[in-house]
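Student: I have a model open and a few things to ask about it. Can we go through them one by one?

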Amino acid sequence: MGRKLSGRDFIKIGFPQNNTINIALGQVNRYKKKENKNSILEEAKLVLQNPESFIGDGIWGKVAESMIKQVEVKKHQLNTNRVPFSIYGEDAIDEQTKYQLFTTLKLPVAVQGALMPDAHYGYGLPIGGVLATDNAVIPYGVGVDIGCRMSMSVFNLPANFLKGKDHQLLNILSEHTKFGMYETHKIKADHEVFSRDEFKNIPFVKGLLDKAYKQLGTSGGGNHFVEFGIVRLTETKPEWKLEPGEYIAVLSHSGSRGLGANIAKHYTYLATKQCPLPSNAQHLAWLDLNTHDGQEYWLAMNLAGDYAKACHDDIHRRIAKALGKQIAFTIENHHNFAWKEVINNKELIVHRKGATPAAEGQLGIIPGSMTTNGYIVEGLGNAESLNSASHGAGRLHSRAACKQKFTKSEIKKELSSTGVQLIGGSVDEAPMAYKNINAVMQAQSELVKVLGSFTPKFVRMDK
């Protein structure tokens with residue numbers, strides 16, 4: 001390409017002498033490094049002549065936006081008062097976690113907040129935190145694992161189907177599920193999510209397509225799992241076509257893998273540049289949804305959420321095929337995401353970071369630990385909780401504390417006393433690391449109604 005493009009080149013063709021030039025150089029260096037200098041400048045001239053027609057363009061959209069109306073970068077201070085909030089199961093939540101929520105409630109964009117009974121300390125918004133904001137999305141309010149979710153597929157097979165099949169079921173989990181950074185399926189599956197426009201139109205996301213393709217149908221490390229167990233349906237829905245009773249089910253917990261992690265990192269960086277905040281709140285930097293970056297993150301976040309669903313669908317498809325059985329019905333929900341929801345007649349952005357959507361009639365899964373029941377729930381639409389519930393039992397001990405506190409032999413003892421067989425897993429995911437799921441469910445009886453339970457029997461996690 002010869003000499004590198006400089007700000008002077010843009011000034012020569014008539015660019016305004018302000019931050020627009022820095023934005024143009026940034027976009028060109030990131031996405032057009034290998035292109036001919038003159039052809040880049042020809043494109044830049046077109047943007048200059050008619051910036052409106054480039055709004056939303058993956059590369060030039062940000063430059064066009066700056067020409068029309070520069071994005072204001074100013075240091076924001078926190079408000080002195082907190083917006084309204086509710087805390088559920090308050091006695092079992094530590095002070096540090098509550099104070100983390102209180103910081104988010106002072107953001108200039110905050111409208112309402114809530115803390116679920118499984119809450120514990122995290123980055124930005126606490127895990128179990130819910131925050132409604134006005135026209136702003138906080139990447140760290142969604143979390144690093146965008147679209148982390150639960151998915152449960154129930155089979156029309158009686159509970160006693162499990163008897164004597166230990167070897168077969170453990171083998172299915174070993175052969176047909178993949179975990180962690182390096183395991184992928186030998187035979188890759190295609191999926192309609194890969195033909196989505198975001199993979200073509202957002203250059204940053206386009207660069208993640210190969211990784212997303214390779215990781216489809218795999219699960220992350222940490223507390224992610226795939227497990228066979230027994231579901232007890234105490235109340236059923238007509239569309240399930242099953243009577244109340246005990247059936248075999250598969251439950252999975254995972255998110256959007258490398259795709260979501262990279263999107264989170266990239267847009268968090270952009271948010272911190274555009275929205276400087278006091279140091280104790282810097283993780284809560286937001287993107288205005290009226291900006292190029294805000295719109296782009298929103299599209300990328302939704303793509304990552306749909307990709308996470310595609311991963312679960314692929315996991316369940318592979319397992320059903322190996323089992324040689326058809327799935328009767330599936331219940332699923334995100335618990336790391338942001339949604340546009342109408343609250344008090346106004347559309348707001350509701351961030352749920354480790355919280356289950358629980359609008360009236362909405363179905364979801366709230367797992368316990370690998371040795372305790374999880375629950376199938378139906379939302380009661382409680383406005384004070386921002387139509388939310390917990391996403392699990394919640395951690396009682398941090399990962400670091402687990403390494404000090406528990407031994408592998410204690411975990412084995414706990415598993416054997418509950419009749420659970422585990423592949424993989426680590427000390428920091430010990431069943432004893434989690435709060436009492438029954439106490440958590442009791443603390444949110446005004447948020448969800450229980451329709452059934454799930455008892456894990458064969459569990460696979462990352463090694």
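This is a predicted model: local features need pLDDT of at least 70, side-chain atom pairs count only at pLDDT 80 or more; totals for chains, interfaces and linings use all residues.

Student: How is the protein chain divided into domains?

Tutor: Domain 1 covers 7–68, and domain 2 is made of 149–256 + 300–332 + 357–461.

Student: And what distance separates their centres?

Tutor: The centres of domain 1 and domain 2, taken over C-alpha atoms, are 45 Å apart.

Student: Now the open sheet. What is the strand order?

Tutor: The order is β1-β2-β3-β11-β10, five strands with mixed pairing. β1 (85–87) and β10 (336–343) are the edge strands; each has a single partner strand, so one side of each has no neighbour in the sheet. On average, neighbouring strands are turned by 15 degrees against each other, direction ignored.

Student: How do β2 and β3 run, and how many bridges join them?

Tutor: They run antiparallel: β2 (residues 110–120) is joined to β3 (residues 127–133) by six bridges.

Student: Which strands does helix α5 lie across?

Tutor: Helix α5 (residues 95–104) lies across β1, β2 and β3, at about 165 degrees to β2.

Student: And α12? Which strands does that one lie across?

Tutor: Helix α12 (residues 292–323) lies across β10 and β11 (346–353), and its angle to β10 is about 115 degrees.

Student: Change of topic. Where is Thr-20?

Tutor: Thr-20 is in helix α2, which spans residues 19–31.

Student: Buried or exposed?

Tutor: Thr-20 counts as buried, because its relative accessibility is 0%.

Student: What is Thr-20 in contact with, beyond its neighbours in sequence?

Tutor: Leaving aside neighbours within four places in sequence, Thr-20 is in contact with Phe-15, Val-63, Ser-66, Met-67 and Gln-70. With Gln-70 there is also a polar contact between the side chains, at 3.2 Å.

Student: Last topic, cysteines. How many disulfides are there?

Tutor: With a cut-off of 2.5 Å between cysteine sulfur atoms, the count is zero disulfides. Cys-311 is in no disulfide, and the nearest cysteine sulfur, that of Cys-148, is 11 Å away.

Student: Is Cys-402 buried or exposed? And what about Cys-311, buried or exposed?

Tutor: Cys-402 counts as buried at 0% relative accessibility, and Cys-311 counts as buried at 1%.

Terms used: Residues are numbered from 1 along each chain as its sequence is written. Side-chain values use heavy atoms; hydrogens and water are left out. Buried means under 20% relative accessible area, exposed over 50%, partly exposed in between (1.4 Å probe, protein chains only). Domain bounds come from an automatic or database domain assignment. Two strands pair if DSSP finds at least two bridges between them. Helices (H or I, at least four residues) and strands (E, at least two) are DSSP runs, numbered from the N terminus. Axes are lines fitted to C-alpha atoms, for helices over the stretch in contact, and angles run from 0 to 180 degrees between N-to-C directions. Contact means heavy atoms within 4.5 Å. A polar contact is a pair of N or O atoms within 3.5 Å; within protein, one must be able to donate a hydrogen and the other to accept it, and residues adjacent in sequence count only if both atoms are side-chain atoms.
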